[in-house]
Amino acid sequence: MSFTSRRFAPHEERTTMTTQNTGKSGPSGQNGQHGLPVQRRTLIGAAGAAAFAASMPWTALEAEVARMKEEGWEAHPCACNMCGGYCGLLAMHKKGEKPSQQTVKIMPNPTHPQRGCCARGASAMWMWNHPLRLKKPLKRVGEKGEGKFEEISWDQALDEIAAKVKAIVETDGERAVAMTSHNFSGFQKWFGGALGTPNVIGHSSTCNSASIMGRRMVFGKGFDGAGKVEPDYARCRYLLAVGRTFNCAMGVSAVVARAREDGARVVFVDPRQPEGALGNCEWVPIRPGTDTPFLLSLINVAMEENLADLAFLAKWTNAPYLVEKASMKPLTAAAAGISAEASAYVVMDKATAKLVPMVVTKDEKGSVTGLKDPEGVDPELEYQGTVGGVEVTTAFNLFRELAAQWSPEKASAETGIPADTIVRIAREFFTQGGVCDDGWYSSRNGNDCEAYQLMSMINLFTGSLDREGGFVVTQGGGLKMPSASASGGKGKGPKGQTWETTKEKSLDKLVFPESSGTFASVFESVVEKKPYQVKAIFVTGSTMFHREANSDRMAKALKATELLVVQEILPHEVIDYADYVLPSTFFLEWHEYAGVKWALDGNVQINDAGLNPPEGCEARHEIWQFCEILRRAFPERAAERLGYDKKIDTVEEWKAWFDGMTDAAWKKFIDGKNQAKPGEGDRIAAEIAEKGWARTAVKKFGQYPYVKPFGTPTGKPEILSFLCAEKDYHAKHAESGHGLCALPVYEAPKAYAQPKPRSDEFYLVSGKDSASSSGVTLFTWPQKFLGDRTVWMNPVDAERLGIETGDMVELEGLDTGVKGRTKVTVTNRVMPGALFSHGFSGGVRTKNLPDNYAWVREGINSHWFATGYAQPVAGNLANNSSVRVKRV
Ligand SMILES: Nc1nc2c(c(=O)[nH]1)N[C@H]1C(S)=C(S)[C@@H](COP(=O)(O)OP(=O)(O)OC[C@H]3O[C@@H](n4cnc5c(=O)[nH]c(N)nc54)[C@H](O)[C@@H]3O)O[C@H]1N2
Ligand SMILES: Nc1nc2c(c(=O)[nH]1)N[C@H]1C(S)=C(S)[C@@H](COP(=O)(O)OP(=O)(O)OC[C@H]3O[C@@H](n4cnc5c(=O)[nH]c(N)nc54)[C@H](O)[C@@H]3O)O[C@H]1N2
Ligand code: SF4
Ligand SMILES: [Mo]
């Protein structure tokens, strides 16, 4: 069966399951759904429909914007940074009026490819003039953790911080200064990069580092970031979302909603039912930490029933490549004794029954730049034999053996999903054009990398790679703005300045070789002084306590940190531990040009809401703060590396310097576009002026790996990770009991004790909801009324324990012994045996709260109970935990 015919199988033949939240049916109640909407696609063609879906103007909203303009409102396009997604918003200003909640309205930009349709974006003005917004620099006066501060001047704060940084660098070196943030690593590099510390370490271990590792294993470097490869959400016909909610908005939920209207099926596999799964979608409850056996079983069924696209696997993946049977190490031409580039990998050619080398071209760094499979080669998927006295087999054989261990029945026993559901989903997925989301938030159980490897990998078995409606590589907008960075011994400044800097690895990479940001390694360094001691920490825009698993461990480290500087806009718990708190601006106060992050096509946009901090608030841009600290500590580094050679005092001077650089870079981008194609730059500039965004590149399908290679050692997507096999991660970490195999081998979660079934012990899982949960909006009034600070419990468990909705319970971490109290919501939206609590929805313990904000203390922060276990290779933390529950 060809891919195309599978992808557009008539949906009349599909059964659509609906999950209902009646409070009576079981967690996966069924309800046939008929009368699917007429296919617009059949009228205007698939490509047209998708373009329509992605760019469809929201007529009602457009009409509203037009009406407001007639009534004297002015539209200021901006890029939302309430969560870092940069969705398109309009800040509508009432002309001639002083900015306030009433005279500036935040709305989605109706034509934008990534419309900011999300409650957090809408809350932005609640943040701008929030009564608790930090207004002046603060200096600690009490004990660390006590949250007692005095207000000081900017000069005093910057001078004192600079003096302390200088002293620390002089005695302990630059590496004793570490930095972390959620979305502001780019800002931090202006300081960390120019100072010369290797320790600018992001938040990924708490967020997406397991899904990064999964993509790295399958698609390789350069294709591992979230958003680089994606389902073609607009055109897909059957979307499998394993632990992915689309509550993240980012325009994705709007595009998926549109695809659903067009008849696409969406299946959510999650211990709790996310909002997206309300309505005509299927929710499949799964026991936490068991995604790997579920996905292996799907592929096993597909192979048994001959539904997998084996021709695609043979030609376009490393499935037929030969490896040593025992070690899984790839066989090279040198080892096979065949004449070719010694490092070339080898397949058995069916036609000639000879070993042939799969030659690639490489750049000077060793990355694959082109595939040069021998002409006419027909690789054998199932070869095994002996080469040079060593037993070899194909990657395919090893993977199939692994998958074959997971019959639907065995997978069912592990996951709690009925075997016939597994079989049905496998059949649907492989015959209805299934695409699996590659995942995002993935820091859960300590065994997550393997699951995410499979979420990417299952898309190879359908052959839908980089095809319309399949699993695709996104295009990117191609815009570069002035920045500072440092890596591999080279620093780069905003105007192309270069300098030599440390070649040393960041702390987390010393411990976790494939880490993409494990800041917990800094906590260990502070407390244990191993492998050396970090003495200063800068936190830029990160709640920390709602981010990092194991709150006690972190609090201990923050207390032991000699200098903690926090750049914030609100009095979050972390500032209680700070020595200095620096009030910062946020996106409504910035002037920027940026790419559009979450769209298939390449687009650019402007972010300029036209606001300054409210009256009485002395918040300043973070990069200004960094430049000034560096200038005061090491003036020559600020001058030579950043071109920051004299004191900048006023906001106006800063804007002239910084925004001037931004505008010059934008002009260069436009000029370059005009040079490449006359008039193109002018079109982009005009569209930015008119609607705030412009398309710069249309998604070209059928590129990867057919025309251009992926970032793996083979240049092809891989079903057995040659990166892991060659680095021998499994063996290296054998002593820790949990390495990272080249194949997605399942091990039960090691991060926390397994709760006893049908007892008072539970898994505790968390995630977001689309309305409120977010560190950014934790203190806003919408959160007070929309935020859910309870834990969810299934009615079966509630009945056994005699618990009802609204009852107060005490949770106790099985591993940590930490206790906390919250109320319960009894609901079918969570599976039996698991509790669900929203991240960022309560349990704030900051001391700096007036009584009318006491409600932010309600509920729990699930990190209190978590062990903080980190996967030994990729360094991703486990935010899930297990707890004992008792009614109080
Ligand atoms: N409203 C809101 N939206 C956000 C954010 C926010 O704070 N608030 N943050 C943004 C960020 S930083 C990110 S990374 C994205 C993340 O967006 P997503 O990747 O879609 O993740 P979440 O919405 O956190 O949902 C995670 C889900 O995983 C489930 N889960 C937990 N453990 C397991 C398990 O073992 N197996 C399976 N199958 N499921 C499990 C949880 O129940 C939860 O529903 O959202 C972004 N958007
Ligand atoms: N239990 C649980 N834990 C989780 C998750 C979960 O689902 N459940 N999700 C994980 C994920 S995916 C992530 S990404 C992390 C995110 O964890 P955090 O890093 O805490 O992310 P945010 O919620 O974005 O918090 C942003 C912080 O920056 C501040 N801020 C906002 N704008 C600005 C600005 O312009 N400048 C400055 N200086 N500050 C600003 C806000 O006040 C807020 O304190 O948490 C992870 N932890
Ligand atoms: S998803 Fe919401 S909070 Fe995040 S950038 Fe988009 S509108 Fe803003
Ligand atoms: Mo995240």
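Helices (H or I, at least four residues) and strands (E, at least two) are taken here as DSSP runs, numbered from the N terminus. This is a predicted model, in which local features need pLDDT of at least 70 and side-chain atom pairs count only at pLDDT 80 or more, while totals for chains, interfaces and linings use all residues. Residues are numbered from 1 along each chain as its sequence is written, chains are lettered from A and ligands numbered from 1 in the order in which they are written, and side-chain values use heavy atoms, with hydrogens and water left out.

Helix 10 spans residues 252–261, and its buried residues are Val-252, Val-255, Val-256, Arg-258, Ala-259 and Arg-260, where buried means under 20% relative accessible area, exposed means over 50%, and partly exposed lies in between (1.4 Å probe, protein chains only). Just after helix 10, Gly-263 adopts a positive phi of about 105°.

Helix 14 (residues 395–404) is mostly covered, seven of its 10 residues being buried; these are Ala-395, Phe-396, Asn-397, Leu-398, Phe-399, Leu-402 and Ala-403. The elements that cover the buried residues of helix 14 include helix 11 (291–304), helix 12 (310–316), strand 16 (390–394) and helix 17 (448–457), contact meaning heavy atoms within 4.5 Å.

Strand 22 (residues 536–540) is likewise mostly covered, with five of its five residues buried. In a regular strand the side chains alternate between the two faces of the sheet. Here Ala-536, Phe-538 and Thr-540 point one way from strand 22, whereas Ile-537 and Val-539 point the other way. Two strands pair if DSSP finds at least two bridges between them, and strand 22 pairs with strand 6 (residues 177–181) in the parallel sense over five bridges, Met-179 having Phe-538 as its bridge partner. Strand 22 also runs parallel to strand 23 (residues 563–568), to which five bridges join it, and there Val-539 has Val-566 as its bridge partner. Together with helix 20 (residues 551–560), strand 22 and strand 23 make a right-handed β-α-β unit; right-handed means that, with the strands pointing away from the viewer, the path from the first strand over the helix to the second runs clockwise.

An antiparallel pairing is found in strand 25 (residues 592–595) and strand 26 (residues 602–607), which share four bridges. A hairpin of six residues joins strand 25 to strand 26, and Glu-592 stands opposite Asn-607.

On a wider scale, the domain assignment, whose bounds come from an automatic or database source, gives domain 1 (138–204 + 491–696), domain 2 (321–380) and domain 3 (761–887). The contact between domain 1 and domain 3 takes 28 residues from each, and the C-alpha centres of these two domains lie 30 Å apart. Domain 1 and domain 3 bury about 2,100 Å² between them, 53% of it on carbon and sulfur atoms, buried area being the accessible area (1.4 Å probe) that two parts lose on being put together, summed over both. His-546, Ala-549 and Glu-573 supply 28% of the area that domain 1 buries against domain 3, more than any other three residues.

A salt bridge is counted when a side-chain nitrogen of Lys or Arg lies within 4 Å of a carboxyl oxygen of Asp or Glu, and by this rule the count comes to 53. One salt bridge is found across the interface of domain 1 and domain 3; Glu-573 forms a salt bridge with Arg-845, their closest N and O atoms being 3.0 Å apart.

Lys-144 and Asp-579 form another salt bridge, with closest N and O atoms 2.7 Å apart. This pair links distant parts of the chain, 435 residues apart, with Lys-144 in the loop between strand 4 (138–140) and strand 5 (149–151) and Asp-579 in the loop between strand 23 and strand 24 (580–583). Both Lys-144 and Asp-579 are buried.

Asp-797 forms a salt bridge with Arg-800 at 3.1 Å between the closest N and O atoms. Because they stand three residues apart in helix 28 (residues 795–801), Asp-797 and Arg-800 are separated by about one helical turn. Asp-797 is buried, with a relative accessible area of 3%, while Arg-800 is partly exposed at 34%.
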